[in-house]
Amino acid sequence: MASDRSSNWVRKEGAAQTRTSFPELFFDLVFVFALIQLSHALASDFSSTAAIESLLLIIAIWWVWINTTWVTNLLDTDKDPVRLLLFGLMFGGVLLAIAIPQAFEAHGLVFAAIYSAMQVGRSVFALYAFRGVDPASSLTFWRITLWMLMSSVFWIAGALEARPVLWSLALLIEYASPAVRYYVPGMGKSGRETLDVSGEHMAERCALFVIICLGETILTTGRNAAEHMAGDLTFAVFCSAFLSTGFMWWIYFHHGQEKAADKAEATSKPESVALNLFTYGHLPIVAGIILAAVGQDFSLSHASEESTPKEAVAILGGPALFLIGNIWVKRAAAREMPVSHIGGLVLLVMVTLLLPITDNYHIQMLATAVLFVVALWEYLALRRIAPSSA
């Protein structure tokens, strides 16, 4: 009886089923709040310890979102039970975001408990949805649930003591699980290409998440500019920050996103490609955008101050991480090394040589200039390649 009820929850084949649904877009709204919370927490305290803690939170938030995307990729979000799952995860996501600023202090146990409940609960739901419908997929989610339960032990234990160490171990367990195909003693590994992944859906979902991150950057920059508009350099820095976000959009969407979507749709190994391109490959892109937003905050609030290594890590490190992620995705999708992005990383390293003699305003301007050079370089290179290919 259970299998009869759940059999209709699995995604059917067809173009309409591969498009992002309204419930998924509604679910994504929670992560706008989570990203804003992360940016604010980083900007308010960017010590080395706080940076490491925030990195762990970014990795955790991404893992919640991308794992939910995998499940909604496989299930039909027009079905009421699946929608209820998303609404429940939304509620948990809001509570998770509220706990972010104090996750390594008073709200550690709350964060760990909610995070674990979301991860385990979603896996159990998917296991039930595939039971009696697709035994191989159901068995895969059995393994995933066991891995999530194991990581949850470290999440809860870390909330009580040795938080950074145990939470790092919990994330290592979760991130390693797909790479070892969810091996469980006595059950073995999950078969290759077991899950019927829609590459088109995964590409669209990740592209929309990148837009959410870029939109959060615009919101944060606008808010900070409004607070510091009395400063002489504020307008110029705001223009630079806005252009920087626009150049990141161009670098990702003008060529890379389309190639990633084509690769995901055309491959005979959709599960493996989705893991490489989207689950792992998009993490540095997302982290880079969040860090760039923090750097823009610094450049707006301390425009004329001499740039310190701490501020330079955000102002230059955000674009660098973003370019590294794009190199990963474009290399995996097109099997071509984007030389423009390598050149951009070299230029960002060269900018660090100016730190002792310049201020945040000029560092921000130079970071924006580097992104412009990368975008223009790639655009011109693609234009030269197109006629010869034709």
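**Cavities and helix pairs**

Biologist: How many cavities of 30 Å³ or more are there?

Modeller: Three cavities reach that cut-off. The general idea: rolling a probe the size of a water molecule over the atoms shows where empty space is left. Here a cavity is a set of points, on a 1 Å grid over the protein atoms alone, where a 1.4 Å probe fits but cannot get out. Grid points are joined across faces, edges and corners, and the volume is the space filled by probe spheres set on the points.

Modeller: Keep in mind that this is a predicted model, where local features need pLDDT of at least 70 and side-chain atom pairs count only at pLDDT 80 or more, while totals for chains, interfaces and linings use all residues. Residues are numbered from 1 along each chain as its sequence is written, and side-chain values use heavy atoms, with hydrogens and water left out.

Biologist: What volume does the largest cavity have, and which residues are closest to its centre?

Modeller: The largest cavity holds about 160 Å³. It is lined by 15 residues, and Asn67, Trp70, Phe141, Ile144 and Tyr182 are the closest to the centre; a lining residue has an atom within 4 Å of a point. Helix 4 (48-74), helix 6 (108-130), helix 7 (135-160) and helix 11 (270-280) each give two or more residues to that lining, with helix 4 giving the largest share, five.

Biologist: Which classes of residue make up that lining?

Modeller: There are 10 nonpolar, three polar and two charged residues. Nonpolar covers Ala, Val, Leu, Ile, Met, Phe, Trp, Tyr, Cys and Pro, charged covers Asp, Glu, Lys and Arg, and the others, Gly among them, are polar.

Biologist: And how do I read a helix pair?

Modeller: Two packed helices are described by the angle between their axes and the distance between the axes. Axes are lines fitted to C-alpha atoms over the stretch in contact, and angles run from 0 to 180 degrees between N-to-C directions. Helix 6 and helix 7 pack at about 170°, axes 8 Å apart, so helix 6 is roughly antiparallel to helix 7 (the label applies over 145 degrees). Their contact has 19 nonpolar, eight polar and one charged residue.

Biologist: At what angle do helix 9 and helix 10 cross?

Modeller: Helix 9 (residues 199-227) and helix 10 (residues 234-266) cross at roughly 180°, with axes coming within 10 Å. That makes helix 9 roughly antiparallel to helix 10. Their contact has 17 nonpolar, seven polar and two charged residues.

Technical notes:
On a 1 Å grid over the protein atoms alone, a cavity is a set of points where a 1.4 Å probe fits but cannot get out, and a pocket is an open set with protein on both sides within 12 Å along at least five of seven lines; lining residues have an atom within 4 Å of a point. Helices (H or I, at least four residues) and strands (E, at least two) are DSSP runs, numbered from the N terminus. Angles under 35 degrees count as roughly parallel, over 145 as roughly antiparallel, 65 to 115 as roughly perpendicular and the rest as oblique.
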